[in-house]
Each structure stands twice: as structure tokens, then as C-alpha cells.
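Hi,

Here is the structure I promised to pass along. Have a look at it first, and then read on for what turned up.

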Amino acid sequence: MYTLIEDSMFNTKIIKTENMFIPLEAENTEYQKVLDDIIEQGADCFTGDIPTDLQTAADAKQFAQQVEAYKIAKARVAQYQLSIGVPESTQTISTGRQEWNEEAEEMQDVTETFVIPAIEPLEATVEETTYDFDTDTSTTSTVANPLIVKDNEERAAAQAIIDATPGPVKTHVDG
Amino acid sequence: MAVKFTKPEINVREKLAELDKPSGIAGEAMLRAETPQDQQALIGMSGRRNLLINGGFDVWQRATSNTTNSGYRSVDRWLFNTYTGGAFTVSKETDSTFGNVLKWNRTTADTSNTNAGNCIQQPIENAKYLVQGKPVTVSFWLKNEKTVLRSGFVRVRISGSPHTLLAPAQYWESGSNGWEYHSFTFQTSETVALDHIELQIQMDNGSSMGAMYIAQCQFELGKVATPFEHRSYGEELALCQRYYQKLFDTNTGTYRHRWQGRIGSVYSTTRVFVTVDLPVQMRSIPTLVFETAGNGFRWDIYSANADIGPSTGISHTYPSRDSVGFDVTPKANLSSSYVGFACHMDVRDGWCHATAEL
């Protein structure tokens, strides 16, 4: 349980616990732990109401954490799905040179077009062989491709983070 | 006009023989280096190579052993990252080869987290720009008390959430009851998200009982593990005190000299102030941790030929990176005649530490 001690004579504040005095200093590790506890436990971790400046600092930290988590989750979801693969596509880039176009009678940018090969989807299932030493027999069964299962789980977890992200955080990142 | 010139004869066989110099691969690399900086990087012997503090396990301000599972518990600058299952003891040992070493002794198995825990780790302050996109090399000596084969990972990661690895983990193996030298070179990521990085060395996977010993741990830039960089105890202690200082401890003799003779002032009948200068400027304004068991941490206070203590409480503290002020409560019903007087203050009971760890 934290208590904020204020000294009006010297205009100083410090957070007190049973055996610690924690300065209100962003670089201090225990102070960051105080902010984490405010984020997780709210007023339950403080004697009385949470002081305004601490609540403001905790809110700012939580916002920054949500921004980071949202960016990471978006990047994860943007990766292609292993079960679907990626179709062949092309990309056209400017070479930085210009040539005279006879028909248009003007100088035009020279471009190059690349073909980006398709990435085939992974097999939906794989065969898994287990060996029983007691009976000296092996059994082969068909199971879902573990790479696809893991990919889907990670995508779902990332999507859950995106769905739970507050609107102001999305606006801050997406503009 | 005809110009006549002569050209010395060249014995091609002799010239080729001259090229067969006994310089070896390292020598050839040195010859091919284009700048002095390249040569220095190849040698890797310039000063201040070890980015770790207390890599020789010489400074143990908190305690010389611990059985607690996580956090900073005994040896300075080294953090224990373990799980609550099982049990182990970490202690300072004196080895005939290396002097001070760290002993990690597993006494109860825990196989619940074989791929993660049971590490010693050290955060390295503001190492981001030093290491990003560069090769770094970790080296240490390891001794396995048993002859059973044991292994663990070594990895470098961002210090802070999320703990992104800066390079794939590498693994040590040890199967003999003798000191073995290990070195690992990592090519770190081009981008490092946070300022601090940390080195993790897994001491056991939780399942193998017995002790592992580690000595002379070094983390340096470059692809070459160079000889361990020795620093004096005083220098190492000062480096450690940037992050942690044991201010007072009446329970042990080591810090007794810091108990006595602080000069304070009686501000009022309920407030006495005393300030303690710190021997080393700390990384940030520190947290003060003090004893609460028994009488707790308290001061003796003397003024005008009278005992006006011991303190009955610490109302407030005023820590800065260079000093710590205490606002303590003198004995009850103090006469107002003492107000404005100077006082002599000694630590009477308990301990008080300042911590500014990463």
C-alpha cells in the first residue's frame, strides 16, 4: 500500500510504503512499479485517493504501452497468413532516369516492373508418427499443420489486442 | 633518338616465396585492415572493454549469499531471474584459480520453465547506441560440480518490456568437473527499441542438481573474446554504488564507520533534520529502503549534553543523486529549548539502503 507524503515546508513529495521511500522520479525503477500498480490495481494500491499527478503519469504510461502494443499487433496481423499464402504480384518502380517518348513527344520517367513470386500456402495437415516402445508399434495420424496452428493463434492474439485498443490510441497511431 | 633503359631481372620464384609469410590468419587480417580503427577492432585490446560491472563477482554489498528467487539479492549489479519452483542458493566463493566466483547451487529441482528461468542477468545502462547493429562477444569461465552434462542459454535482449532478443540465443555445455572457458559472439539487431540492454546467462535448466560456478564474465564489442579486464576492488565498488549503496547497517561490521557522527539540527520539538552525503553520485534519485523488524531503522540524537533520542519515526526523506536527508522524530515531549540547536546523530538500530537499479 502506497501513501503520498507531502512536505509543504520544502514543497516536496515522496511515496512511502512499509519499508521504502520512493521518489517521484521517472528514472526510478520503484516509481515505475508504482505507476504499474496504479494501472493494474487502481485506487486499491493507495491510501486514500490516488494523487492527481500520479494518476496523470500512470495514464500517460498506460497510453504509451497501448500505443506500442497496438503497433506490434498491427504489424503481426499485416503478415501474410501461412494457410493462405500470397498470390503472385508485380511492382513497378522508377529507375530515376528519363527517356524521350516519341509518341507523347516528351521526356518520361523510365520504370521497371518486377514480378514478386507467389508464396504457396502451407499444407493444411501433416502426418505425425508416434512410436510405442511397449508394443513396438508405430501409429501415423493426420493432424493440423502446427505451423498454421501457431500462426493462427498469434494472429488471433494480435487481433484481440487491436480490438481491445481504445479509440484514442488507434487515432494517435493511425491518424 | 633511341632511348636505352635497363630493367633488373626478377626471380619470380623468390618473390613468391617472400609472400609465404608466417603471419597466420589473424596477421593477414591485420595487414588487410584499412584504418587504425579497423586494426583496433581486430585486436580488441583497448581499455574499458568490459561493459559489465562486477563481472569478476568481487562486490557483494547486499549479502554474500541468497536463496530468494528473483531480483537483486546479493552480488552487485547481477539480477536473479528465476521461477518460484524448486530451490537454489547463490553464494560468494573463493576459488584457487580466480579468487572470487559466483556459486549457483540447485538444491531442489524445478522443471516447469526449462527454456526461460534460472538466469543471472545484468542490465547495461545506455548500451543501445554502443551495440546496435554491431557484433558483441560474451565470455566467461564455467565449472560444473558434477560430471553430468549440463547446458544453458546465453542471450542479449532489450532491458524492458517487451523483452525483445537482439540476436538468437546461444548455448553453453559443460560436462566436466573443471573450469571451462566459453565465448559467444552475437550480431545484434540494427535497431534497439530501448536504451538499456541486458545480458542473460542461464545457470541451469532446473532439472540438474548440484552447483555451477561462474567467473570472469565479460561483455565487449567486437568478434573477439579478449582476456578478462581486471579492475581494482575500489573502482568496481564505486561503479556498483552508482546503482546501489548500503548506507548504514548496524548488523554487520563492514559499514560501521558510517554510523557515527552526523551533524543534524533540531528544527522543532517534533522534527530533527540530518543529511548524509553519498560517496558516489547515483544513477537516478534513489529509493530508500530501511529495516522495519525489531526497533527498525532509527537514530540516536544528542544535543546540549543531553540524549534527545532515539528517533521514534522517520517522517520524510529528501533523497537526491548526491545526498539523502532524513526528517526524524525525536523523543516525545522534547523541550522547546532545544529548537535551533545543532545535534550529533548516530545510527542506533537497523539498516538503510539507497537503490537506483535499472
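Gln216(B) is in contact with Gly55(B), Gly56(B), Phe57(B), Phe98(B), Ser139(B), Phe140(B), Trp141(B), Phe228(B) and His230(B), leaving aside its neighbours within four places in sequence. Gln216(B) belongs to strand 12 of chain B and is buried, its relative accessible area being 16%. Please keep in mind that this is a predicted model.

Strand 12 (residues 210-221) of chain B also holds Gln218(B). Here the relative accessible area is 0%, so Gln218(B) counts as buried, the cut-off being under 20%. The side chain of Gln218(B) makes a polar contact with the side chain of Thr226(B) at 3.2 Å. A polar atom of the Gln218(B) side chain also lies 3.3 Å from the backbone oxygen of Pro227(B). Not counting residues up to four places away in sequence, Gln218(B) touches a set of residues that includes Arg49(B), Asn50(B), Leu52(B), Thr137(B), Val138(B) and Ser139(B).

As for chain B in general, its secondary structure comes to 5 helices and 22 strands. Of its 358 residues, 50% count as buried. Among the contacts in chain B with a separation of 6 or more, 74% come from residues 24 or more positions apart.

In helix 5 (residues 233-241) of chain B, the buried residues are Glu236(B), Leu237(B), Cys240(B) and Gln241(B). Seen down the helix axis, they fall within an arc of 135°, so these buried residues line one face of helix 5 of chain B. Strand 13 (244-249) of chain B is included in what covers them.

Now to the interface. How many residues does each chain bring to the contact? Chain A gives 20 residues and chain B gives 23 residues. The area buried between chain A and chain B is about 1700 Å², and carbon and sulfur atoms give 58% of this. On the chain A side, Met9(A), Asn19(A) and Phe21(A) lose the most area to chain B, together 33% of what that side buries.

Across the interface of chain A and chain B there are 9 residue pairs in polar contact, both residues being at pLDDT 80 or more. The elements of chain A that give two or more residues to the side touching chain B are strand 1 (3-7), strand 2 (12-16), strand 3 (20-23) and helix 1 (29-41). Strand 3 of chain A gives the most, with 4 residues. By type, the residues on that side of chain A divide into 9 nonpolar, 4 polar and 7 charged.

The interface of chain A and chain B also has 2 salt bridges. In a salt bridge between Glu27(A) and Arg283(B), the closest N and O atoms are 3.3 Å apart.

Asp7(A) is found in strand 1 of chain A and counts as buried at 4% relative accessibility. Leaving aside neighbours within four places in sequence, Asp7(A) is in contact with Thr12(A), Arg271(B), His316(B), Tyr318(B) and Asp327(B).

Finally, the salt bridges elsewhere. Over all chains, a search of the whole structure finds 25 of them. Here are some you can look up:

- Lys13(A) and Asp53(A) form a salt bridge, with the closest N and O atoms 2.9 Å apart. Lys13(A) lies in strand 2 of chain A and Asp53(A) in helix 2 (residues 52-78) of chain A, so the pair ties together parts that are 40 residues apart in sequence. Lys13(A) is partly exposed at 37% relative accessible area, and Asp53(A) is partly exposed at 32%.
- Asp174(A) and Lys74(A) meet through their side chains at 2.6 Å, N to O, in a salt bridge. This pair links helix 4 (residues 167-174) of chain A, where Asp174(A) sits, with helix 2 of chain A, where Lys74(A) sits, 100 residues apart.
- Asp349(B) and Arg298(B) form a salt bridge with 2.6 Å between the closest N and O atoms. Asp349(B) is in strand 21 (residues 342-349) of chain B and Arg298(B) in strand 17 (residues 298-303) of chain B, 51 residues apart. Both Asp349(B) and Arg298(B) are buried.
- Arg76(A), Lys150(A), Asp151(A) and Glu154(A) are linked in a network of salt bridges.

Best wishes

Technical notes: Residues numbered from 1 in each chain as written. Chains lettered and ligands numbered in written order. Predicted model: local features only at pLDDT ≥ 70, side-chain atom pairs only at ≥ 80, totals over all residues. Heavy atoms only, no water. Buried < 20%, exposed > 50% of the residue type's maximum accessible area, 1.4 Å probe, protein only. Arc of directions from axis to C-beta. Contact = heavy atoms within 4.5 Å. Polar contact = N/O pair within 3.5 Å; in protein donor to acceptor, adjacent residues only side chain to side chain. Buried area = accessible area lost by both parts, 1.4 Å probe. Salt bridge = Lys/Arg side-chain N within 4 Å of Asp/Glu carboxyl O. Nonpolar A, V, L, I, M, F, W, Y, C, P; charged D, E, K, R; others polar.
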